[in-house]
Amino acid sequence: MSELRLRATIATVHRDPQWWLKCLGYGAAAATGLGLPLAAGFVMESLDNTRRGYPTPLPPWGDPWLRSLTGLFCLLIDFAFFVLPLLLGGMGVFCASIVLVIASPTGSATVNVALGVILTLVGLVIAALFIAGASPAGRLIFAREGKIEDAISLAALRLTTSGPGRGAFLRARLASLPAYIPATAAAAVTFGLARTSFPGQMIAIAVGIWLTLAALVYAHLIVVQLYVAAERMAH
């Protein structure tokens with residue numbers, strides 16, 4: 001069970017003396033937008049190395065094209081479990097708002113309540129997918145089988161919510177939550193900077209976005225360690 005402790009996974013990441021430099025570097029790449037696949041591919045390579053028994057050091061600076069190609073598949077997994085539900089929910093809100101306005105043109109309070117309920121349901125679905133660890137599970141399947149169609153299917157949810165590994169994956173997700181605190185704090189500070197006006201604001205916001213994404217890369221590296229450990233416990 002010690003493998004599912006956050007402190008142990010952080011120590012594993014920190015054994016690479018360049019961990020902070022790699023997080024900052026791939027965070028900068030992600031901040032450009034076009035470099036998102038590169039950052040995702042770096043995390044995916046760390047997952048694959050960990051599954052093979054080499055969790056440290058972190059993947060070296062390597063071929064950006066191959067790493068970006070791998071990262072595109074990882075982003076597709078994230079899209080399937082997070083972005084797609086948001087898009088479907090947005091479409092549902094849009095369609096429902098039209099129907100409600102036509103059905104009750106003077107009942108604005110009813111429309112607002114109904115839309116609030118729909119938005120709440122969408123939020124609960126996203127939260128449930130996050131707690132279930134659908135995206136990390138999809139990446140585990142992709143690393144194990146190399147089939148993107150299986151990684152974005154319900155097999156990812158079955159991996160973490162059923163069978164003997166259910167408890168291990170839940171503990172892995174709960175243990176990973178503090179790893180997102182630095183990214184959340186950086187994002188909150190950046191949002192606060194965007195709401196004020198001061199000299200050099202755009203530079204400060206750009207730095208905030210960079211640090212937020214670097215912290216998110218760091219969090220995902222920790223998640224990798226926890227979910228690989230949970231996968232081992234499940235078998």
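**Figure 1. Confidence of the predicted model along the protein chain.** The mean pLDDT of the protein chain is 89, and 92% of the residues score at least 70. This is a predicted model. Confidence is highest in helix α2 (residues 19-31), with a mean of 97, and lowest in helix α5 (residues 108-132), with a mean of 77.

**Figure 2. The largest nonpolar core.** This core has 48 residues. Phe 42, Leu 47, Leu 140, Phe 169, Val 217 and Leu 221 have the most contacts inside it. At least two residues of the core come from each of α2, α3 (36-51), α4 (64-103), α6 (134-145), α7 (148-151), α8 (155-161), α9 (166-176) and α11 (201-234). Helix α11 supplies the largest share, 14 residues. In soluble globular proteins, nonpolar side chains tend to be buried together.

**Figure 3. Surroundings of Leu 140.** Neighbours within four places in sequence are left aside here. Leu 140 is then in contact with Leu 47, Leu 159, Phe 169, Tyr 227 and Val 228, as well as with Arg 51 and Glu 231. Leu 140 is itself one of the buried residues of α6.

**Figure 4. Helix α6 and the residue that follows.** The twelve residues of α6 reach 16 Å from the first C-alpha to the last, close to the 16 Å expected at 1.5 Å a residue. The helix is mostly covered, with ten of its twelve residues buried. The buried residues include Pro 136, Gly 138, Arg 139, Ile 141 and Phe 142. Just after α6, Gly 146 takes a positive phi of about 70 degrees.

**Figure 5. Phe 130 in helix α5.** Phe 130 has a relative accessible area of 25%, so this residue is classed as partly exposed. Apart from neighbours within four places in sequence, Phe 130 is in contact with Phe 82, Arg 173, Leu 177 and Tyr 180.

**Figure 6. The salt bridge between Arg 67 and Glu 45.** The structure holds seven salt bridges. In this one, the side chains of Arg 67 and Glu 45 meet at 2.8 Å, N to O. Arg 67 is in helix α4 and Glu 45 in helix α3, so the bridge ties together parts that are 22 residues apart in sequence. Arg 67 counts as buried because its relative accessibility is 5%. Glu 45, at 29% relative accessibility, counts as partly exposed.

**Figure 7. The salt-bridge network around Glu 231.** Side chains of opposite charge can pair when their charged atoms come close. Glu 231 forms a salt bridge with Arg 51, with the closest N and O atoms 3.0 Å apart. Glu 231 lies in helix α11 and Arg 51 in helix α3, so this pair ties together parts that are 180 residues apart in sequence. Glu 231 counts as buried at 6% relative accessibility, while Arg 51 is partly exposed, with a relative accessible area of 27%. The side chains of Glu 231 and Arg 144 also meet in a salt bridge (3.5 Å, N to O). This second pair links helix α11 with helix α6, where Arg 144 lies, across 87 residues. Arg 144 counts as partly exposed at 34% relative accessibility. Through shared partners, salt bridges join Arg 51, Arg 144, Glu 145 and Glu 231 into one network.

Notes:
Residues are numbered from 1 along each chain as its sequence is written. This is a predicted model: local features need pLDDT of at least 70, side-chain atom pairs count only at pLDDT 80 or more; totals for chains, interfaces and linings use all residues. Side-chain values use heavy atoms; hydrogens and water are left out. pLDDT is the predictor's confidence in each residue, from 0 to 100. Helices (H or I, at least four residues) and strands (E, at least two) are DSSP runs, numbered from the N terminus. A nonpolar core is a set of buried Ala, Val, Leu, Ile, Met, Phe, Trp, Tyr and Cys residues joined through side-chain atoms within 4.5 Å. Buried means under 20% relative accessible area, exposed over 50%, partly exposed in between (1.4 Å probe, protein chains only). Contact means heavy atoms within 4.5 Å. The expected span of a helix is 1.5 Å times one less than its number of residues. A salt bridge is a side-chain nitrogen of Lys or Arg within 4 Å of a carboxyl oxygen of Asp or Glu.
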